[in-house]
Structure formats: structure tokens, C-alpha cells
Amino acid sequence: MNSNAYQRYVPLAVWVVAVSALLYIPFKISSTGFLPGDDAMRHAAKAVSGKSWPDILVMREDFQIDPSPGWQAILSGVHNLSGGNAESLVIFSSVGLMLLVTLSVLPWLRRPEAWLGALLLAVIFTPECATRLMRGRPYILTDFCLLMILFLWSRQEKDSPTRLALIFTPLLVAASAWIHGSWYMLVLPGMAILLTGYWRSAAAYWTCWLGGSLLGCGLTGHPVGFLWQSVRHMFGVFGNTVLPRQLAPELRGSDGTPLAIIVVALLLLWRVQSLGWNRKVIFNPFFMMMAMGCLLGFKVQRFWWDWGMMAFMVWVAFELQEHFTRHVPLDSAKRLVAVLVLGAGLVFGYTNDRENRWSAALMNDYLTPEKADLVGWLPEPGGIIYNSDMDVFFDTFYKNPTAPWRYVLGFEAGLMKPEDLAVLRKAQWNLGDSRAYEPWVKKMRPTDRLIIHARNGGQPNLPQLEWYYAATEIWIGRLPQSQPNSGSAAPK
């Protein structure tokens with residue numbers, strides 16, 4: 001068989017390598033014992049528990065609608081069909097959502113190796129993208145909707161949207177609103193379209209966005225209430241904070257992503273030198289969304305992580321595709337070598353366990369009633385866990401989804417009762433000084449527990465309670481018990 005006979009199989013081989021690499025990565029990461037460590041765990045635990053949030057959290061009475069009703073419905077359906085536990089639901093979430101994003105881009109490209117190259121550059125220069133795509137949270141589905149919307153609205157040659165864009169945009173927005181509750185964030189692609197100079201298309205997009213938002217809110221069964229609660233929740237996540245360290249890391253400002261900016265600048269210079277200038281390289285929705293995400297990220301870095309970075313990776317893929325098309329023939333052996341190198345680099349870059357980013361959960365020391373040394377130290381039925389941070393909630397709820405107690409702090413500080421939020425903010429202001437929790441101690445009942453994540457390792461300075469060092473950096477406090485030998489235990 002001559003070389004020409006082999007060459008005709010090169011395009012197919014390239015696609016096989018690209019898809020295989022993208023499929024392998026999330027399954028390999030999951031095999032290390034990876035757990036996302038935050039919202040993915042509480043979504044899975046809630047699906048297993050069968051409870052509503054007011055049955056799980058001590059929360060404000062004006063936030064009664066689940067902020068991600070569609071995602072909870074999906075996980076509950078998977079749980080009911082499979083009978084899986086919280087761990088299997090987390091694996092389903094992290095693997096499935098990552099594949100949804102990474103595989104969905106391929107049909108929009110002529111050269112799949114360009115997407116591998118873009119993901120590899122992202123892993124090298126914006127390494128947070130690796131962990132963000134494996135978080136197993138419904139914002140990743142909004143990332144998928146964002147990318148599909150940008151693809152639909154970037155294919156037009158004039159200021160007139162295509163029929164496909166007008167049909168599918170409302171459906172994508174509705175899906176995001178129902179599943180993630182972030183319908184208001186999808187207003188941003190309209191601004192990206194407007195910045196390209198297509199004002200008629202921007203107006204058409206915003207009309208589609210409005211219709212899709214109303215449809216998605218209607219799917220929750222509480223169209224007006226869900227819409228109003230979503231807006232309040234958007235502002236409530238900042239929860240009376242004064243200092244940035246009182247916010248979740250993703251809500252703090254970024255450093256401007258200088259390495260990503262360098263990558264964009266180098267690709268623009270390479271284009272000028274190799275391909276020639278084309279104004280559509282900049283005046284397109286992907287570039288504008290990337291620029292907006294970078295700029296807004298100075299205020300809240302989630303704008304970059306979940307919006308700018310997604311657009312960045314696809315924009316890089318389009319640029320690499322142009323170079324591959326110009327310099328590497330479709331059926332050449334060089335193309336097969338290139339995709340093998342890029343695929344291997346991407347696999348190694350994503351799956352390496354640098355700083356235990358994938359295997360850290362194996363070292364978690366969870367609080368469960370099955371541990372003999374915790375008998376009497378976990379809350380009694382009907383009790384409340386007064387927890388010092390969200391990590392205590394995520395880990396404990398994940399391991400005890402059906403436990404008969406509630407948590408004063410859950411997945412969002414803004415959902416706490418005002419008096420409890422004031423206690424939390426004071427503790428954060430005083431860098432975790434345990435005396436700030438005295439208002440909680442005063443209203444504790446014998447069934448309740450105060451669980452403090454003491455990163456300095458020392459016993460909390462609250463002598464009103466008995467203390468037990470229950471897990472790594474975790475102290476459990478309870479009101480004095482009558483039975484003997486119930487005093488403080490020394491650290492293990």
C-alpha cells in the first residue's frame with residue numbers, strides 16, 4: 001500500500017486522537033479520587049437527602065426557592081434511576097459537565113487539533129481552567145450555553161442574525177436559567193455583539209435573552225418569585241462584607257490575567273507576520289467576550305474564570321486553526337504527529353497531580369456517626385451545627401446527607417439569618433478569633449454543636465463549652481454534659 005493510501009486515513013485518525021484525549025482526561029482525574037470540594041458536593045448530597053434547603057439550613061425566610069432547580073432535578077432523576085450515592089453523583093457531575101464543554105466545541109472547528117492546542121495553552125498559561133472545568137457545578141452548563149451562543153452569533157457576515165441564532169438562543173438562555181439560575185449573566189453576550197459594531201444583532205440578541213429568561217424562570221414553577229429571588233441573590237452573595245478576604249475567593253478581584261494577555265498579543269503578532277491582518281480577528285463576539293471578562297475580572301474574578309477564559313480558549317483555537325490550515329496539509333503525516341504531540345501534552349498537563357490538586361480529597365478526615373470516637377460529639381436529632389466556614393458544611397453534609405440536623409452556614413453566607421451573618425462577619429473580621437462566636441454559644445441547646453475549623457490548630461477560646469479535637473484542624477464544642485469523662489480531649 002502506497003503512502004497516498006495511508007494519507008486518506010489521516011483526517012479520521014486526527015479526530016479519533018482528539019476525541020480520545022478529551023474523553024480520557026476527566027475519567028483519569030476521577031480515578032485519582034478527586035472530589036471538587038464545594039458546591040458539587042452539596043448538590044449531590046441534597047439530591048440524596050430528598051430535603052428542601054430550609055430543612056437543611058437555618059436560613060432566611062425570603063429565600064425559599066432552590067437557586068438551581070433544574071440541576072437539582074437532573075441529579076435527583078439520576079439518583080432515582082441509578083440508586084447512586086453522593087459520591088457517584090459528584091463523579092457524574094464533574095465528568096459529564098467537563099465533557100459537555102470540551103466535546104461541544106469540536107463540531108464548530110475544521111481542525112480538532114486546534115482545540116487541543118488551545119486547551120494546552122490554557123493549562124500552561126491559565127492553569128485555573130483545568131480545575132474550573134472539573135468542578136462539577138452547574139455554572140459549567142452556563143459556560144456551555146455561553147459558548148454555543150457565541151458560536152451562533154459569530155457566524156454572521158452582516159448585521160443580521162441567522163435563523164438558527166434566533167431559534168436556539170432563547171432555548172439556551174432558558175436552560176441556563178432553569179438549571180443554574182444565572183439568566184441575568186447571559187445578558188453579557190449581547191454587549192459583546194454590540195462591541196463588534198452589530199447593534200441590530202445586539203438588540204435581537206437581547207430580545208432572545210429576555211424571552212429565554214422568562215421561559216426559564218417559568219420552568220421553575222415560580223416565574224415571578226424565582227426572577228426576583230435571583231436578582232436579590234446576585235447582590236446578596238456579597239453579604240455585608242467590608243474586606244475582600246470576607247468573600248469567597250472566586251468573588252474577589254483578579255490580577256488581570258497577564259499571561260493570557262501575553263498569549264493573545266503573541267498570537268496577534270504571529271497572525272500579522274504569517275497570515276496578514278483581518279479586523280474580524282478582534283471584531284467578533286469571542287474576542288469581545290474575552291476582553292470584557294478580563295476587564296470585569298478586576299472586580300470579580302469569576303467574570304474571567306467563567307466567561308472571559310471560555311471565550312479566550314475558543315478564540316485561541318480559531319487562531320491556531322488558521323495557522324494549521326495554512327501550513328499543515330489536511331492529510332499530511334505532519335498533521336498526525338502534531339495531534340499526537342498536542343494530545344499527549346494536554347493529557348499530561350491536565351492529569352498531573354501538581355500540589356495534590358486532584359488527590360487532596362483522599363486526605364480529608366470527615367465527620368460521620370460511624371466513627372466510634374465521635375459518639376456524643378455530633379449533633380443530636382433536631383440539632384444545629386454552628387459552623388465557622390463553608391468547608392465544614394460541604395464536607396459534613398456530603399458525608400451525612402440524611403442526618404437529622406441543620407447547618408447555620410451553608411453554601412452562601414447571604415442566605416443566613418441577619419443575626420447569624422453578623423456573627424460570621426465579626427469572626428472573619430477578627431481573623432477567626434473564636435470569641436466572636438459567643439452569641440452562638442449563648443443560644444446553643446444541648447442538641448447543638450459548634451464546629452470550628454481552627455487552622456492554627458489550637459483549642460477555641462470558649463471555656464463555656466466542652467471541646468473535642470475531632471479531625472484535622474476541626475474542633476467540636478458542646479454544652480457541658482452530665483456524664484463523666486466528657487471533658488476536652490487533647491489533639492490527636
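I began with strand S1 (residues 384-387) and found it joined by two bridges to strand S2 (residues 406-407), the two running parallel; strands here are DSSP runs (E, at least two residues) and helices likewise (H or I, at least four), numbered from the N terminus, and two strands pair if DSSP finds at least two bridges between them. I note that this is a predicted model, in which local features need pLDDT of at least 70 and side-chain atom pairs count only at pLDDT 80 or more, while totals for chains, interfaces and linings use all residues. Residues are numbered from 1 along each chain as its sequence is written, and side-chain values use heavy atoms, with hydrogens and water left out.

**Strand S1 and its partners.** I looked up the bridge partner of isoleucine 385 in S2, and it is tyrosine 407. On the S3 side (residues 449-453), S1 has three bridges and again runs parallel, with asparagine 387 opposite isoleucine 451. Ile384 and Tyr386 point one way from S1, Ile385 and Asn387 point the other way, and all are buried, buried meaning under 20% relative accessible area with a 1.4 Å probe, protein chains only.

**The crossover.** I followed the chain from S1 over helix H18 (residues 390-399) to S2 and recorded a right-handed β-α-β unit; right-handed means that, with the strands pointing away from the viewer, the path from the first strand over the helix to the second runs clockwise.

**Rings around tyrosine 407.** I searched the whole structure and found 21 aromatic pairs, counting rings of Phe, Tyr and Trp (its six-membered ring) with centres within 6.5 Å, and calling planes under 30 degrees apart stacked, over 60 edge-to-face and the rest tilted. Phenylalanine 393 and tyrosine 407 have ring centres 5.1 Å apart and planes at 80 degrees, so this pair is edge-to-face. Because phenylalanine 393 lies in H18 and tyrosine 407 in S2, the pair ties together parts 14 residues apart in sequence. Phenylalanine 393 counts as buried at 0% relative accessibility, and tyrosine 407 is buried at 1%. Phenylalanine 397 also pairs edge-to-face with tyrosine 407, at 6.2 Å centre to centre and 65 degrees between the planes. I then found that ring pairs link Trp53, Phe393, Phe394, Phe397, Tyr407 and Phe411 into a cluster.

**A charge over a ring.** I noted the charged end of lysine 399 over the ring of tyrosine 366, 5.0 Å from its centre; the criterion is NZ of Lys or CZ of Arg within 6 Å of the ring centre and within 35 degrees of the ring normal.

Conventions
Buried means under 20% relative accessible area, exposed over 50%, partly exposed in between (1.4 Å probe, protein chains only).
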